[in-house]
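Trainee: Could you walk me through this structure, one feature at a time?

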Amino acid sequence: MAILKIARMGHPVLKLRAEPVADPKSQEIQGLVRDMVETLQDVGAIGLAAPQVHVSKRVVIFFVPGSRRGGEDDPAEDIPLTILINPEIEPLAEDKTAGVEACLSVPGLAGQVQRFTHIRYWALDLHSRMFEREASGYHARVVQHECDHLDGILYPMRMTDLSSLAFVEELRRFSGNEVEED
Ligand code: NI
């Protein structure tokens with residue numbers, strides 16, 4: 001078990017298209033996921049993609065607390081710790097929602113990003129079994145943010161209005177919004 005170092009914006013590993021995982025049951029991937037879970041829990045973030053820990057593989061982990069959800073199309077239920085290997089996403093409708101995002105690889109900042117409101121996603125689990133879910137609201141946002149990391153995309157590259165890019169500390173001071181870095 002190990003707590004892994006987080007790559008920050010500007011590190012080339014974050015710009016690569018990550019490689020598909022050939023065998024989710026391999027020691028390498030089992031160990032990587034174990035360390036990613038420990039790292040995620042240590043930093044207290046929502047999600048982590050393997051390129052963020054300098055491993056260019058298509059692996060994402062996340063946990064969505066119900067307290068971060070709520071509102072229309074977004075039931076306030078926990079989404080338990082989920083491991084996605086070689087994930088794929090398909091939007092279920094054209095509509096998008098704006099919401100504040102932050103990222104461990106872009107420390108201290110947050111900005112508004114438009115994401116698909118309703119998606120379907122599928123991936124392999126650690127037993128190499130395919131599973132599929134539908135997601136909406138914040139759950140859908142997290143999956144889109146994390147899977148973007150696998151294609152070398154950081155959330156500022158998705159922003160259409162850079163005037164909303166701000167330091168988390170200042171947002172907390174002036175907007176009262178809870179902003180967590182994930
Ligand atoms: Ni991120």
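Mentor: Helices (H or I, at least four residues) and strands (E, at least two) are DSSP runs, numbered from the N terminus. This is a predicted model, where local features need pLDDT of at least 70 and side-chain atom pairs count only at pLDDT 80 or more, while totals for chains, interfaces and linings use all residues. Residues are numbered from 1 along each chain as its sequence is written, and side-chain values use heavy atoms, with hydrogens and water left out.

Trainee: Is threonine 39 buried or exposed?

Mentor: Buried means under 20% relative accessible area, exposed over 50%, and partly exposed in between (1.4 Å probe, protein chains only). Threonine 39 has 1% relative accessibility, so it counts as buried.

Trainee: Which residues is threonine 39 in contact with, leaving aside its neighbours within four places in sequence?

Mentor: Contact means heavy atoms within 4.5 Å. By that rule, threonine 39 is in contact with Ala2, Ile3, Leu4, Ile6 and Leu48, leaving aside neighbours within four places in sequence. Also, a polar atom of the threonine 39 side chain lies 2.9 Å from the backbone nitrogen of leucine 4.

Trainee: And how do I read a metal site? Which residues coordinate the nickel ion?

Mentor: Look for donors, meaning N, O and S atoms within 2.8 Å of the metal (3.2 Å for Na, K and Ca); water is not among the atoms, so sites may look incomplete. Here Cys103 (SG), His145 (NE2) and His149 (NE2) coordinate the nickel ion at 2.1 to 2.3 Å. Cysteine 103 lies in the loop between strand E4 (96-102) and strand E5 (109-116), whereas histidine 145 belongs to helix H2 (residues 137-149), so the pair, 42 residues apart, links distant parts of the chain. Both cysteine 103 and histidine 145 are buried.

Trainee: What about nonpolar cores?

Mentor: In soluble globular proteins, nonpolar side chains tend to be buried together. A nonpolar core is a set of buried Ala, Val, Leu, Ile, Met, Phe, Trp, Tyr and Cys residues joined through side-chain atoms within 4.5 Å. The largest one has 19 residues, and Phe62, Val64, Leu84, Tyr121 and Val143 touch the most other members. H2 gives this core its largest share, 5 residues. A second, separate core has 18 residues, including Ile29 and Val37.

Trainee: How many helices and strands are there in the protein?

Mentor: You'll find 3 helices and 8 strands. Buried residues make up 49% of the 182 residues.

How values were computed:
A polar contact is a pair of N or O atoms within 3.5 Å; within protein, one must be able to donate a hydrogen and the other to accept it, and residues adjacent in sequence count only if both atoms are side-chain atoms.
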